[in-house]
Amino acid sequence: MKFTLSWLKTHLDTEATLDEITEALTDLGLEVEGVEDRAARLSSFTIARIQSAEQHPDADRLRVCMVDTDEGVKQIVCGAPNARAGITVVLAKPGDYVPGIDTTLSVGKIRGVESHGMMASERELELSDEHGGIIELPSGEVGQKFTDWLAVNDPARVDPVIEIAITPNRQDALGIHGIARDLAARGLGTLKPHDPQPVVGSFPCPVSVTIDPDTLDVAPHFAGRVIRGVKNGPSPAWLQDRLRAIGLRPISALVDVTNFFTYDMNRPLHVFDVDKMQGGLRVHRAKGGETLLALDDRTYEARPGHVLISDDRGPESLAGIMGGEDTGCTEDTVTVFLESAWWDPVQIAHTGRDLKIHSDARYRFERGVDPDYTLPGLEAATRMILDLCGGEASDVVEAGTALKTARSYPLDTKRVISLVGMDIPKAEQVRILTSLGFSATGAGDVLEVWVPSWRRDVQGEADLVEEVARISSLTKLEPKPLPRAMAGVPKPVLTPMQLRERAARRTTAALGYNECVTYSFIDHASAALFGGGGDDRMLENPISADLGHMRPQLLPGLLQAAARNQARGMTDLALFELGHAFHGGEPGDQHLQVAALLVGQTAPRDPHGTRRPVDVFDIKADAEAVLAAMGAPAKVQILRDGPGWWHPGRHGVICLGPKKVLGIFGELHPRVLKAMDVKGPAMAFTLFPQEVPMPKAASASRGAVAMSDYQAVERDFAFVVEAGVEASVLVNAATGADKILIEEVRVFDEFIGGSLGEGRKSIALTVRLQPRDKTLTEEEIEAVAAKIVDKVAKASGGTLRS
Amino acid sequence: MDGWDQLKSDWLARIGAAADETALEDLRVAALGKKGEISLKMRELGGMSAEDRQVAGPALNALKDEVTTALAAKKAALGDAALDARLRAEWLDVSLPARHRRMGTIHPVSQVTEEVTAIFADMGFAVAEGPQVETDWYNFDALNIPGHHPARAEMDTFYTHRAPGDDRPPHVLRTHTSPVQIRYMEAHGAPTRIIAPGRVYRADYDQTHTPMFHQVEGLAIDRDISMANLKWVLESFFSAYFGTNVRTRFRASHFPFTEPSAEVDIQCSWEGGTVKVGEGNDWLEVLGSGMVHPKVLQAAGVDPSQWQGFAFGMGIDRIAMLKYGIPDLRAFFDSDLRWLRHYGFSALQVPAVHSGV
């Protein structure tokens, strides 16, 4: 919302400066987004008079002028054809910045003659494009500030333009009168009364108006009148200046009047050219399919329920939003129907949204227009049309009645103080409300407050509290400590799952992965590769097709990140993300994942031969470390039935039983990598923190540590088995051979093929025996060893390698 | 010089001259071995008279001790020399690069979320979470934003797809973290103090907007919490977060879910295009806040005649940019390794109030 300072002052009697006004506006909730203070740039220029103008000795077009200034007589060289003795001019002195030529002046020599400044043209001061000569003022004293002269003689030129943001609740501030009311309530002046007197009609209105009974709920009041014999044409300069200053294009007097009241009083109006109409006006709901060529030159098709204003020919206006081109006013209009009506805000919002049509009228009606100002607004606009265009007005014709808005709410003045935390005396609360147009009565702490017709947003006590608070100034609010809920050291607040999330994140980073935050939505193809892409997780209005599906997994986002990095020449990547993936489209169909991706080499080339391609056992180690940090049990099963984006032979599903999957690690499927433009191979894990069982122990105590005093014994075994037998089968069998003595079984070698023959391999285990109560004898060790060989052979079908 | 002294000086000289451990061992055997000179002389003691033995015995023992000591000392000296020689040969070019160790990083959004959490936890705020796909009731209606409210259109909401024939209103991607207020109060009632950090979504993309970003919601409900308390909490927070005293400016504003509402600016200065928080005379808008609207309390099942309090919503990415001088929001979500390394944090840099955040 834009307005000029002088326009504001037509509603507000004030001595306040521009700065005071803008500061107050922002504090009041009418945030100033910009001030265009054209006077500020002209503030250094003064008025001077040319005493004499002589021909420059060396240049035909230049004159050497002696100029009477506030600092005495100065010599100035000037090229303007109108520079001559006796004229009053605008002077820019050395040191002044001249905006139109983007130059700061200094004393110069022009063709050998010294020049102490310049006399400016309108273009040089950015007042207009006029550059035919220097400014000649009809009045003004030598030494007078040019801006002071302009303020008196041509105020529109220096009228500051203020732009404010209007929050959706402030219908009243969509008119300059309402803005003035706020400032007056704050104490920045006095609101000038606005009470338009009716214009008595001199003939009955020839245009009839009706509202269909089924439409009264959304169009309760429609008023208007005919003004005949008008002479439409350009509106006067003052009106054009104001509209232009706030960014509107003056069109014609009739249209400009409607725009004026839209901004001045938040009273949108419409003018129909009566000579282009057929019959009376009927306000009704659309059946659907009616079309209207609107004033923006676009054709709109009404949907059932939209409200139209039609004459005998058909729709002539989208009620409260935009009029039709066919009955629009032009320079030739002589008979005009002036409409002032009130439309239901919700109805306007729906219609506007359906038709994607924006107008000042829609903007205002959907936020709310004062229903009690429908008739006064009609009278005020009639008066202005008669003033500007002449003619004579008919009686007012009216259908329906103004919406009844009178309502009151109790306001507990003590509650105001408690909520705001500021000591605002009851009398001040009453003063504030009264100055905003409310009326407040009541002897005790609780007031009965009546709401003015222009404050549709005020719907209860809380809204009244807000009015009192904002006028009192939240800038002045003094902070007050919020006491701790309980004295002493604050209790920890994180839940076990939040702690687990943090542990997973920080452990993964500690393992050398860079944390990424990628978008929660991805493209359809990537989503489909990872088990998503269905309609359940699709967005109706994505910002682009690339971001149209909620991610079913975190990995596709990481793969896209990897592809971008590879394209930038970074090939050794360890990326991870911790966040939610979406397994359905309902609220809550999200679950936490930790996903990590390893691509490229383990290290840059170095003299130590460290560099090698990353492999499955790198990622497995990291997956295990992160699971351990999340409190997962050490003993898990590794299954192989993971989803299709994993390499079928090179992944493991980490689980506690077949249905309790804690995570998956492995190599990603080459086809998936190709589809996602990632140069592989790529190793990855996805872990599911919410699946890891919560530890039961409530106590911080760790229990006693078991540390045997007896020497542990290690024995090595090598078994030859079929190549497809998993090492874990051997390890589990060996571990089960003696549950008390065997502390650890570790695979320390794997050898495939060779002398063993095709399809066979050797697995070497080392078994650590830890006696608890005495040193083991050789016989005891041999006995355990025999059991181990027996168990492993049975479980794996292998034999001890001799 | 008698014979004993001569013998001693001979042996000590020979030991001193031994060139290496082998020569020294030969000397030991020659002197103290079974058939060594000193051992043989010891054996001769038995055949001596008692008087001679009284003289020769101690002398011989002393000789044996001295030779033993000299052998040990020489052995140690030879060992030291050999070690020195080996170490001289073991010179390494330690200017060679070390074996690579991958350094991971924590994303600024995670770090700042933890910083915010640490500060508010100290003031007694727990951390609440909620779904990112929301019903329009939780995202709008319960927050006093009815269907026709202009604020809905202004929020650039993402809607989920509905199959033809499915007449339920579409769900939304939550446009703010405020629905967590409702869900938390529904579950826990009043009094309450929570923050709710998380992802939020709005259909907007330019230099300063991304379709996904992060907010943290704050909510404190009790019997007599006021807007003045809110101002104190926010000033305390910003001072702790930026590590310098930060003043705030409250400007009246409007949000459907709070009343009165305020937009909050923090004190800052602009110099050479960079912003410094906590100094200067300029103001920077950082969050929206206010006293929770009675209708919102009601929607969440809390009696507004008994309870009151404040709520606020703040952009996590935004305050991360301000504190750590990160220029472009879009880069947060691009995962450029150079960016992650430059703006990321060490895994062990866990924010805590006692160590500074």
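**Entry 1: the two chains together**

I began with the contact between the chains, and I found that 78 residues of chain B are in contact with 85 residues of chain A, where contact means that C-beta atoms, placed from the backbone, lie within 7 Å. On the side of chain B that touches chain A, helix 9 (residues 227-242) of chain B gives the most, with seven residues; helices (H or I, at least four residues) and strands (E, at least two) are DSSP runs numbered from the N terminus. By class, that side of chain B has 41 nonpolar, 22 polar and 15 charged residues, with Ala, Val, Leu, Ile, Met, Phe, Trp, Tyr, Cys and Pro counted as nonpolar, Asp, Glu, Lys and Arg as charged, and the others, Gly among them, as polar.

I note for myself that this is a predicted model, in which local features need pLDDT of at least 70 and side-chain atom pairs count only at pLDDT 80 or more, while totals for chains, interfaces and linings use all residues. Residues are numbered from 1 along each chain as its sequence is written, and chains are lettered from A and ligands numbered from 1 in the order in which they are written.

**Entry 2: the cores**

I looked up the largest nonpolar core, which has 172 residues, and A:Leu254, A:Val336 and A:Ile385 touch the most other members. Such a core is a set of buried Ala, Val, Leu, Ile, Met, Phe, Trp, Tyr and Cys residues joined through C-beta atoms within 7 Å; a residue is buried if 20 or more other C-beta atoms lie within 10 Å of its own, exposed if 12 or fewer, and partly exposed in between. Helix 9 of chain B gives the most to this core, with 10 residues. A second, separate core of 75 residues includes A:Leu511, A:Phe582, A:Val653 and A:Met683.

**Entry 3: a sheet in chain A**

I traced seven strands of chain A that form an open sheet with mixed pairing, in the order 30-33-34-38-37-36-35; two strands pair if DSSP finds at least two bridges between them. Strand 30 (514-515) and strand 35 (637-639) of chain A stand at the edges, each with a single partner strand, so one side of each has no neighbour in the sheet. Strand 35 of chain A runs antiparallel to strand 36 (residues 646-655) of chain A, and three bridges join them; A:Ile638 has A:Ile654 of strand 36 as its bridge partner.

**Entry 4: two helices of chain B**

I then turned to helix 2 (residues 21-32) and helix 4 (residues 50-89) of chain B, which pack at an angle of about 170° with their axes 10 Å apart, the axes being lines fitted to C-alpha atoms over the stretch in contact, and angles running from 0 to 180 degrees between N-to-C directions. These two helices of chain B are therefore roughly antiparallel, a term for angles over 145 degrees. The residues of this contact divide into six nonpolar, one polar and five charged.

**Entry 5: backbone exceptions**

Which peptide bond of chain B did I find to be cis? The bond from B:Ala190 to B:Pro191 is cis, with omega near -5°, and B:Pro191 is found in the loop between helix 8 (179-188) and strand 4 (192-201) of chain B. In chain A, the bond from A:Gly680 to A:Pro681 is cis, with omega near -5°.

I also noted A:Asn266, whose phi is near 50°, a positive value in a residue other than glycine; A:Asn266 is buried, with 28 other C-beta atoms within 10 Å. A:Lys356 has a positive phi of about 50° although it is not a glycine, and with 8 C-beta neighbours inside 10 Å A:Lys356 counts as exposed.

Conventions. Parallel < 35°, antiparallel > 145°, perpendicular 65-115°, else oblique. Contact = placed C-beta atoms within 7 Å.
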